[in-house]
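I opened this entry to keep track of what I looked up, and in what order. I began with the sheet and its helices, then turned to the core and the charged pairs.

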Amino acid sequence: VAKDSGWQCAGVELSADDCEYLRKRLKVEAYDKPLRGISLPVGAFDAVTLFHVIEHFRDPLGELKEIHRILKDDGILLAELPNIDALVFRMKGINWKYINAEHVFYYNRKTAAELLKQAGFDLLYITGISGLDWWKGLAPVKRLLHRLVTASGIGDHLVIVAKKHGK
């Protein structure tokens, strides 16, 4: 979507096969090693997106500091990650689909905001939204429930927009 809108895009994907797909099929610059191993220049990017990535980082603060370093002043970070305060987690406990061995850390609005602050970001927006997939059979009230869950911040996913301090 970003590329189709005129953005120059690059990505980090640790799977060599997936990187090859990105390079050949989507014509996207792709790196198959951790971000801190790439040596990207300071201020190289206007924006960074992390969709269901932060929870996989073994050193989330270190990774976010590197993202901060490669963002331009006033650059934007957009992230989505599982919300450990989600209503569905309270209902399903360890059977929630996001509780798994691949997820190293779990976050709520408070812990995610603190992590971003420690990495040098200004938090612009954070909320918990719902994916709705667990509401099967509740169709008559789904829209109302979605609004309530999102307004209260207890949706399945956190959506975060943060900004690098400008000079």
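**Entry 1: helices on the sheet.** I started with H2, which lies across E3, E4, E5 and E6 and runs at about 145° to E4. H4, covering residues 109-118, also packs on the sheet. I found that H4 touches E4, E5 and E6, and that its direction makes about 160° with that of E5. I note here that the model is predicted.

**Entry 2: the sheet itself.** In what order do the strands of the open sheet lie? I read the order as E3-E4-E6-E5, which is 4 strands with mixed pairing. E3 and E5 are the edge strands, since each pairs on one side only. From one strand to the next the twist averages 10°.

I then took the pairings separately. As background, strands of a sheet pair through backbone hydrogen bonds, and the pairing is either parallel or antiparallel. E3 and E4 pair in the parallel sense, over 6 bridges. E4 and E6 run antiparallel and are joined by 7 bridges. There I picked Ala 79, whose bridge partner in E6 is Ile 160.

I also checked how the chain gets from E3 to E4. E3, H2 (residues 60-70) and E4 make a right-handed β-α-β unit.

**Entry 3: the nonpolar core.** Which residues of the largest nonpolar core touch the most other members? The core has 26 residues, and the ones I wrote down are Leu 50, Ile 54, Leu 64, Ile 67, Leu 77, Phe 121 and Ile 160. E3, H2, E4, H4, E5 and E6 each give two or more residues to this core. The largest share, 4 residues, comes from E4.

I looked at Ile 160 in more detail, leaving aside its neighbours within four places in sequence. Its contacts are Leu 77, Leu 78, Ala 79, Leu 81, Ala 112, Leu 116, Leu 123, Tyr 125 and Ile 126.

**Entry 4: salt bridges.** How many salt bridges does the structure hold? I noted 7. The general idea is that side chains of opposite charge can pair when their charged atoms come close.

Lys 24 is exposed, with a relative accessible area of 54%. Glu 20 counts as partly exposed at 33%.

The next pair is Asp 46 with Lys 72, whose closest N and O atoms are 3.3 Å apart. Asp 46 lies in E3 (residues 45-51) and Lys 72 in E4 (residues 71-82), so this pair ties together parts that are 26 residues apart in sequence. Both count as partly exposed, Asp 46 at 43% and Lys 72 at 36%.

Lys 163 forms a salt bridge with Asp 74, with 3.6 Å between the closest N and O atoms. What does this pair tie together? Lys 163 lies in E6 (residues 157-164) and Asp 74 in E4, so the pair ties together parts that are 89 residues apart in sequence. Lys 163 is partly exposed at 27%, and Asp 74 is partly exposed at 42%.

I also noted a network: salt bridges that share partners join Glu 20, Arg 23 and Lys 24.

Entry 5: Last I looked up Arg 36, which lies in the loop between E2 (29-31) and E3. Is Arg 36 buried or partly exposed? Its relative accessible area is 41%, so I wrote down partly exposed. Not counting residues up to four places away in sequence, Arg 36 touches Asp 59, Gly 62, Glu 63 and Glu 66. I also checked Arg 36 against His 157: they are 121 residues apart in sequence and 26 Å apart in space, C-alpha to C-alpha.

Notes. Residues are numbered from 1 along each chain as its sequence is written. This is a predicted model: local features need pLDDT of at least 70, side-chain atom pairs count only at pLDDT 80 or more; totals for chains, interfaces and linings use all residues. Side-chain values use heavy atoms; hydrogens and water are left out. A salt bridge is a side-chain nitrogen of Lys or Arg within 4 Å of a carboxyl oxygen of Asp or Glu. Buried means under 20% relative accessible area, exposed over 50%, partly exposed in between (1.4 Å probe, protein chains only). Two strands pair if DSSP finds at least two bridges between them. A crossover is right-handed if, with the strands pointing away from the viewer, the path from the first strand over the helix to the second runs clockwise. Axes are lines fitted to C-alpha atoms, for helices over the stretch in contact, and angles run from 0 to 180 degrees between N-to-C directions. Contact means heavy atoms within 4.5 Å. A nonpolar core is a set of buried Ala, Val, Leu, Ile, Met, Phe, Trp, Tyr and Cys residues joined through side-chain atoms within 4.5 Å.
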